[in-house]
Amino acid sequence: MAGGRKSKPRVRNKRPIGLKNEGSPSRKIPIPDKLEGGWFVKEPVASRLYQKSAIGVPTEGGILINDEELMFCHWHRHLPLPENWLENKLNSEPNFVHQIVAYDTIRSSGDKLVSKDGVWHLWNREHHPSNSMHASEVKWFRSRDTFDLDSIIDWTIGLEDSVNSDIAIVDEEMDVTMYRVSVVDPKGELIPSTKDNHPNLGVEHLSRVFYRDDEIDWMNDSQSSVTELFSELNSRGLLVRPGFKYGCRWRVYSTPIEQDHAPWLMQMSDDVSPNWEGVCLSVRLAEGVNKSWVIAFKRDSWNFIQFRRHLPGR
């Protein structure tokens, strides 16, 4: 028998279809009507859903809710589903199941997730759309989806000065892993090396110093994206060391190696995984050794984007 921890695996949420008797209201909630713009939920249920949970858009006599909200309310607010609607929805949109799993995971944390023109906006549990601006914008993907770095960069930069950029990834077991993406500006305390004076470069061994290929190329003024980034990081007072043991190009230090650990594991944009499964592996490995996973990309100048795991409701 395998050793290690004796804790039991967590119970996975299966999200069954059908109303629960436990906690159900004394008066049955009617099936919502399909109208232009959403599903119509009547008062007094409508007021409770909107005022407490920011579910739906107020309209005369009730609220209009979208398909994600309909499913969430079915699981958590005893709202019945229209007959055969879910089967037809899944037949026409197979990815809908992953969409509602992402939505339910975030909503169940206590955060308020509201779709506006097809974009998910998130409010923390203590705030409400009626009196404050959203804290994050959220995108969701399946784990096997292509990792479109350029679109993630554009999106994150566009939101940088206003709200957070959060991403929910739904895997093949219907579990959700969330990431917070941010633009970062890594800088260090080291005196930049020069071509003639570079005591921080190389590895001392056998009473001599051995230099890596990227260090030699930089000292010889070879021109490539690698030496350009190497030079940029050096000018920022940073020191780079091989990231082989951590599945990346470099681990990046802001202080001398003997003083502290590297706070960043860095990958160049050309080296990044083509799908979210690879991104998840990189972030998980980085955070497992108390580091942040950063992608370096060039648009006129070098820029850096960081991925950190994020727990909804925190």
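1. Start with helix H1. H1 lies across E2, E3 and strand E4 (62-65), and runs at about 115° to E2. Contact here means heavy atoms within 4.5 Å. Axes are lines fitted to C-alpha atoms, for helices over the stretch in contact, and angles run from 0 to 180 degrees between N-to-C directions. Helices (H or I, at least four residues) and strands (E, at least two) are DSSP runs, numbered from the N terminus.

2. A word on the source. This is a predicted model: local features need pLDDT of at least 70, side-chain atom pairs count only at pLDDT 80 or more, and totals for chains, interfaces and linings use all residues. Residues are numbered from 1 along each chain as its sequence is written, and side-chain values use heavy atoms, with hydrogens and water left out.

3. Now the four-stranded sheet. Its order is E1-E2-E4-E3; the sheet is open and the pairing antiparallel. Two strands pair if DSSP finds at least two bridges between them. At the edges are strand E1 (33-35) and strand E3 (57-59), each pairing on one side only. On average, neighbouring strands of this sheet are turned by 40° against each other, direction ignored. E1 and E2 run antiparallel and are joined by three bridges. Leu35 stands opposite Gly38 in E2.

4. Pro44 is found between strand E2 (38-42) and helix H1 (45-53). A cis peptide bond joins Glu43 to Pro44, with omega about 5°. Most residues other than glycine have a negative phi, and most peptide bonds are trans.

5. His78 is not a glycine, yet its phi is positive, about 60°. His78 sits in the loop between helix H2 (67-76) and helix H3 (85-92). His78 counts as buried because its relative accessibility is 18%. Met174, also not a glycine, has a positive phi of about 65°. The loop that holds Met174 runs between strand E8 (164-170) and strand E9 (176-184). At 28% relative accessibility, Met174 counts as partly exposed. The cut-offs: buried means under 20% relative accessible area, exposed over 50%, partly exposed in between (1.4 Å probe, protein chains only).

6. Met174 returns in the largest pocket. Of the 29 lining residues, Arg15, Thr105, Met174, Asp175 and Val176 lie nearest the centre of this pocket. H2, H3, helix H4 (96-108) and E9 each give two or more residues to the lining. H4 gives the largest share, six residues. The pocket holds about 680 Å³ of space. A pocket is an open set of points on a 1 Å grid over the protein atoms alone, where a 1.4 Å probe fits, with protein on both sides within 12 Å along at least five of seven lines; lining residues have an atom within 4 Å of a point. Grid points are joined across faces, edges and corners, and a volume is the space filled by probe spheres set on the points.

7. Finally, the ten-stranded sheet. It is open, with mixed pairing, in the order E5-E6-E7-E8-E9-E16-E15-E14-E13-E12. Strand E5 (112-116) and strand E12 (239-242) stand at the edges with a single partner strand each, so one side of each has no neighbour in the sheet. The twist averages 35° from one strand to the next. E9 and strand E16 (residues 301-309) run antiparallel, joined by six bridges. Arg180 stands opposite Arg308 in E16.
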